[in-house]
Amino acid sequence: MLEIRDLEISFFSGKKQTRRTDRVSFSVRPGEILALVGESGCGKSITALSILGLLPRQGRVTGGEILYAGKNLTALPEKELDEIRGREISMIFQDIMYSLNPVFTVGNQMIEGMRRHLGYTKQQAKEKAIALLKRTGIQNAEAAMRKYPHMLSGGMRQRVMIAMALACGPKILIADEPTTALDVTIQLQIMQLLKSLRDEFGMSILLITHDIGVVAEMADRVVVMYAGQCVEEADTKTLLEQPAHPYTQALLSAVPGVNDEPGRRLYSIPGAVPETYHQMTGCRFAERCPYAGNCPKKGEMKSAPDGRPVRCDLAEKKGREAHGA
Amino acid sequence: MAHDTPIMEVRNLTKHYRAGGAGLRHAVTKAVDGIDLSLRAGETFGIVGESGCGKSTVARLMMGLEAPTSGEVYFRGERIDNMPESRKRLLRPKFQMVFQDSGSSLNPRKRVMDILAEPMLYHGKAGRAEVLRRVDELLEQVGLPSAAKTRYPHEFSGGQKQRICIAKALSLGPELIVLDEPVSALDVSVQAQILNLLKDLQEELKLTYLFIGHGLGAVRYVSSRIAVMYMGKIVETGGADELFRHPAHPYTQALLDAAPVADYSLRNRPRIALRGEAGGMAPAGGCPFRDRCPHARPVCAEMTVSLEPVPGGEGRLSACPFGR
């Protein structure tokens, strides 16, 4: 459906080139929710932005391919990419305040997009917009059409964003931290909405998140990223129950849960994500890894015994047992 | 320390804000609406609730950063909300605050050393040499290298900045620290580091914490007792473990239901998604939660809501008479 192959994104500052992702590869299958999970700075968001050619000015794809419907999106002229953007692949953001134009009403923004992309008449677009707003759970859709973004709550704005993203019936929805700015009860509503929309429209969702809980609730498969690299890929159940990469393991035991036994001490990963990881050779997690002692620390992609890709030199041998976890 | 002397106590604390409208018709937002709390020495008391529920306002009122519309705030039995500033200044070192946004809590033009020394010099705690020695000690306590003191805030990561904020709060030897969403802006691995640091410091220095958060897991992890707030009111309070295991108020149940759990076997657990959103005005009279409550009944619109003991709830209080 959508395949990312050896993607390398670099940021340029003057003559200095900083490689922010390193041979990132994964693919999004039809109808699935694939989560791209990792901490800030791991490269998950820029990977998502690069798919639609939305990297900031100083960023550029410097290697690899993004394949969609037989085309390499990284090599596509802007005009052709514009045909795909919003129509075939659309995106919603965490920053709901800045993703809507503050000086136009919700209705104006929705109608404009549909007239432009789908060639609807004003009336057709209006009817479709109201139907979409209703579908995303906005009770009084006609009234919402006349409102400006600042008049809506965070949850409502995200619903409007989702409705706009759905307007052209995309095959893939990229959702960048769609619930991070929302309260938990609203987060649950939005997660349920996204899942039901996936079922109804059969689209794929590429979910970018830092929250393992959200992954557990929504995703079918997961790609874990660390310091600009993919470190593990697995279906959600396997990843949560038998994480193979030490970073995934650490991440899972660092989250305080509502069902935890009292008195449990959280595992905290020592140190911090290396800031200059783009210059590193070998395993990028080594200096924080509890198993680095007797490990070659090459940091190459290996296969765990069950076949899933894991960027850990110890993964090949015994899988999780090798880490004594 | 006697267990029954609360270190800080608030009674019937209320804060109203004018929310637009002119003259006699102006609307009032009841940010905090008649809250009673008491913090025992050495405990961590957690307040949870969604944005706009008034939890941060409670913290600001306790710290004296804002004046309450009505109600009283006591520190060690002494009323502080109407105290003259000159007297309050003497008490201030005893209660300190750490904010979510560590970046804007630190002066970008000052070195860490000066940031940490400033409160001590202002309050005349010690001489120059003593202050410098204390700076080293503070940095060590929060797990930063001594070399950090000559650097500026922007040279640190989010987690390190939060460590500096904690060191600053510790500098005057407080008894109580109010932590307003101290880990919400941090990555999970860093979050765990800071939560563990806070726990260790509490044990070492016998601190009392008021921990405000919206991440239920984090609040549970550090708190011994918890209050759940909804639209300016406490709807349930009690021991953290009991409250999370057997929530009595429908809103507490809904909050726990909505919290994502990193456990695949619980993925399809039955749970209720609340209708609508909190915000704007509470419905007039009756229970403020009734328009979102899955168990609401007609009487909820008329009854006077008050916190009552939960049967068999080990001192827990709930504002819903129908809670199970």
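Tutor: We begin with a definition: a salt bridge is a side-chain nitrogen of Lys or Arg within 4 Å of a carboxyl oxygen of Asp or Glu. Side chains of opposite charge can pair when their charged atoms come close. Keep in mind that this is a predicted model. In chain B, the side chains of B:Glu137 and B:Arg133 meet in such a bridge, with N to O at 3.8 Å.

Student: How far apart are B:Glu137 and B:Arg133 along helix H5 of chain B?

Tutor: First the general idea. An α-helix has 3.6 residues a turn, so residues three or four places apart point the same way. Here, B:Glu137 and B:Arg133 are four residues apart in helix H5 (residues 128-141) of chain B, so about one helical turn separates them.

Student: Are B:Glu137 and B:Arg133 buried, exposed or in between?

Tutor: Buried means under 20% relative accessible area and exposed means over 50%, with partly exposed in between. B:Glu137 has 31% relative accessibility and is therefore partly exposed. B:Arg133, at 44%, also counts as partly exposed.

Student: How many salt bridges does the structure hold over all chains?

Tutor: The count over all chains is 45 salt bridges. One of them pairs A:Arg5 with A:Glu65, whose closest N and O atoms are 3.4 Å apart. A:Arg5 belongs to strand E1 (residues 2-13) of chain A and A:Glu65 to strand E5 (residues 59-68) of chain A, so this pair ties together parts that are 60 residues apart in sequence. A:Arg5 is partly exposed at 36% relative accessibility, and A:Glu65 is partly exposed at 29%.

Student: Which residues are linked in a network of salt bridges?

Tutor: In chain A, such a network links A:Glu78, A:Asp82, A:Arg85 and A:Arg116.

Student: Now for the two chains. How many residues of chain A are in contact with chain B?

Tutor: Contact is counted by residue on each side: 47 residues of chain A touch 43 residues of chain B. The area buried between the chains is about 3700 Å², and carbon and sulfur atoms give 52% of it. On the chain A side, A:Thr185, A:Glu217 and A:Val258 lose the most area to chain B, together 18% of what that side buries.

Student: What polar and charged pairs are counted between chain A and chain B?

Tutor: Between chain A and chain B there are four salt bridges. There are also 18 residue pairs in polar contact, counting pairs with both residues at pLDDT 80 or more. The elements that give two or more residues to the chain A side are helix H6 (154-166), helix H7 (184-201), helix H8 (212-218) and helix H9 (236-241) of chain A. Helix H7 of chain A gives the most, with eight residues. By class, the chain A side has 22 nonpolar, 13 polar and twelve charged residues.

Student: Which domains does the assignment give for chain A?

Tutor: The domain assignment gives domain 1 (2-219) and domain 2 (246-255 + 268-323). Taken over C-alpha atoms, the centres of domain 1 and domain 2 of chain A are 31 Å apart. Eight residues of domain 1 are in contact with ten residues of domain 2. These two domains of chain A bury about 840 Å² between them, 53% of it on carbon and sulfur atoms.

Student: How many salt bridges cross the interface of domain 1 and domain 2 of chain A?

Tutor: One salt bridge is found across that interface. Three residue pairs are in polar contact there, both residues being at pLDDT 80 or more. The domain 1 side has one nonpolar, two polar and five charged residues.

Student: Is helix H1 of chain B mostly covered or mostly open?

Tutor: Helix H1 (residues 55-62) of chain B is mostly covered, with six of its eight residues buried. The buried residues are B:Lys55, B:Thr57, B:Val58, B:Ala59, B:Leu61 and B:Met62. Just after this helix, B:Gly64 takes a positive phi of about 75 degrees.

Definitions and conventions: Residues are numbered from 1 along each chain as its sequence is written. Chains are lettered from A and ligands numbered from 1 in the order in which they are written. This is a predicted model: local features need pLDDT of at least 70, side-chain atom pairs count only at pLDDT 80 or more; totals for chains, interfaces and linings use all residues. Side-chain values use heavy atoms; hydrogens and water are left out. Contact means heavy atoms within 4.5 Å. Buried area is the accessible area (1.4 Å probe) that two parts lose on being put together, summed over both. A polar contact is a pair of N or O atoms within 3.5 Å; within protein, one must be able to donate a hydrogen and the other to accept it, and residues adjacent in sequence count only if both atoms are side-chain atoms. Ala, Val, Leu, Ile, Met, Phe, Trp, Tyr, Cys and Pro count as nonpolar, Asp, Glu, Lys and Arg as charged, and the others, Gly among them, as polar. Domain bounds come from an automatic or database domain assignment. Buried means under 20% relative accessible area, exposed over 50%, partly exposed in between (1.4 Å probe, protein chains only).
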